[in-house]
Amino acid sequence: MEHYKVLLKTSFKHGGLFVKWSAIALAIGIIVGLAGTVFSKSMIWATGFREEHSYILYFLPLAGLFIVWCYRALKVYEDRGTDLILTSLQRNDNVPIKTAPLIFMATVLTHLFGGSAGREGAALQLGGSLGNGIGKLLKLDDNDRKIIIMCGMSAAFSAMFGTPLAAALFSLEVSTIGTMYYSALLPCIISALVAVHFAGSMGISQEAFHVEGIPKESIPVFGKVVILAILCAALSVVLCVVLHDTKKILKKLFKNPYIRVVVASVAIIALTLILGTNDYLGAGVHVIERALEGDVNTMAFFWKMLFTAITLAAGFKGGEIVPSFFIGATFGSALSPLLGLSPSLCGAIGMAAVFCGVTNSPIASILISFELFGFEGMPYYLIAVAISYVLSGYIGLYHDQGFTHSKYKVVDYNIEKDAENKELKIADEKVARKKAEKAEKKAEKKAEKNQPK
């Protein structure tokens with residue numbers, strides 16, 4: 001009898017938790033869905049205004065100065081962006097509520113005046129910040145606050161992109177690769193679904209791309225897809241290095257943030273005038289659509305990488321995921337004639353593979369490819385994402401993204417890292433020993449020469 005009492009008590013406990021998290025997730029979905037909807041509409045307005053009034057690009061330096069001033073006025077001297085949200089999930093770091101209006105305003109201004117950036121970074125920070133604030137109001141403990149932050153991220157991502165499947169899983173997966181917080185699965189799914197339906201009811205349409213020319217499965221076709229996936233994995237590594245190193249270089253060259261943002265703004269204006277196109281300003285979703293139709297500049301992926309690196313390194317706000325879509329789509333489409341596949345399919349594969357390579361989130365990458373492109377090309381997206389995940393190594397967009405398991409072995413990541421460090425230490429010792437032996441021989445020869453005959 002006691003056994004059944006315990007079972008009944010446990011069932012009531014689980015039922016209580018189900019009700020608790022369902023209610024919280026529903027509230028998060030509505031609140032963050034509303035914020036995400038307003039943010040989306042603001043972004044649509046900013047993009048439309050910029051496209052109709054191209055002269056506004058010349059005011060980019062002033063917008064940059066204002067953004068830098070706002071952050072410094074609120075004493076945010078080192079904005080860590082999405083990394084702040086990730087560390088809050090790993091180490092219970094605080095996410096100030098003031099980052100929500102800051103990132104909202106700064107991202108809209110960046111897009112309005114022509115900065116090259118995405119919008120999902122802002123969405124993740126907006127959702128995470130609001131989720132954290134609601135968690136504090138409800139006086140949740142640190143572990144529950146992690147769940148509510150992930151709920152906020154899922155809701156914001158879902159409202160912005162209209163991809164609830166990928167949004168729910170991305171928040172679970174991106175923080176610590178190799179470990180998924182399944183305790184947050186139910187609330188993240190509920191908040192993502194509520195947010196996307198709320199945004200849809202307010203007129204925010206779901207992102208979707210039509211992929212044509214999908215061939216039947218065959219060994220030659222899979223061979224071509226493998227080649228494209230390998231190249232996309234390499235490109236994702238290059239993209240991460242360029243984004244990180246450009247920030248370091250600009251900070252080193254221009255220590256004053258006001259000078260830095262002005263110099264970068266002038267560089268963006270100059271590059272736009274030299275290239276004679278506005279394709280690399282803003283998010284560039286229209287360029288992605290053209291790329292999937294085969295209308296692509298061969299070097300578009302390179303220019304977008306450069307524009308985005310300068311924009312984000314300068315202090316403008318936004319995100320890197322939509323630019324990674326842009327870069328993957330244009331790169332894949334440009335290679336389609338060489339591979340003998342449709343630009344539509346190559347662009348879609350490029351988007352999925354580069355997104356996976358820079359975020360290290362294979363499950364979310366697979367799901368977002370299904371939601372954006374449909375299921376017809378499913379085998380090709382699967383193999384491309386898997387290859388990109390393995391070959392992109394342990395580099396990514398986010399410095400504070402953690403790894404718990406190896407990408408290559410069924411072992412703990414730290415064990416693999418220690419083994420690699422040991423091998424590197426042995427290799428360094430061998431090099432040092434050879435250098436010492438060489439120096440010793442050189443000294444002996446010199447001594448022999450100097451000896452009197």
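This is a predicted model: local features need pLDDT of at least 70, side-chain atom pairs count only at pLDDT 80 or more; totals for chains, interfaces and linings use all residues.
Local features need pLDDT of at least 70, side-chain atom pairs count only at pLDDT 80 or more, and totals for chains, interfaces and linings use all residues. Residues are numbered from 1 along each chain as its sequence is written, and side-chain values use heavy atoms, leaving out hydrogens and water.

**Overall picture**

The protein chain has 17 helices and two strands, taken as DSSP runs (helices H or I, at least four residues; strands E, at least two) and numbered from the N terminus. Of its 453 residues, 53% are buried (under 20% relative accessible area, 1.4 Å probe, protein chains only).

**The core**

The largest nonpolar core has 127 residues, and F325 and Y381 touch the most other members. Such a core is a set of buried Ala, Val, Leu, Ile, Met, Phe, Trp, Tyr and Cys residues joined through side-chain atoms within 4.5 Å. Helix α6 (residues 142-161) gives the largest share of this core, 12 residues. Beyond its neighbours within four places in sequence, F325 is in contact with F161, I288, M351, F355, I368 and L372; contact means heavy atoms within 4.5 Å.

**A helix pair**

Helices α2 and α4 pack with their axes 9 Å apart, at an angle of about 170°, so α2 is roughly antiparallel to α4 (angles over 145 degrees). The axes are lines fitted to C-alpha atoms over the stretch in contact, with angles running from 0 to 180 degrees between N-to-C directions.

| Helix | Span | Residues making the contact |
|---|---|---|
| α2 | residues 60-73 | L60, A63, F66, I67, C70 and Y71 |
| α4 | residues 99-113 | L102, I103, M105, A106, L109, T110 and F113 |

Conventions. Buried means under 20% relative accessible area, exposed over 50%, partly exposed in between (1.4 Å probe, protein chains only). Angles under 35 degrees count as roughly parallel, over 145 as roughly antiparallel, 65 to 115 as roughly perpendicular and the rest as oblique.
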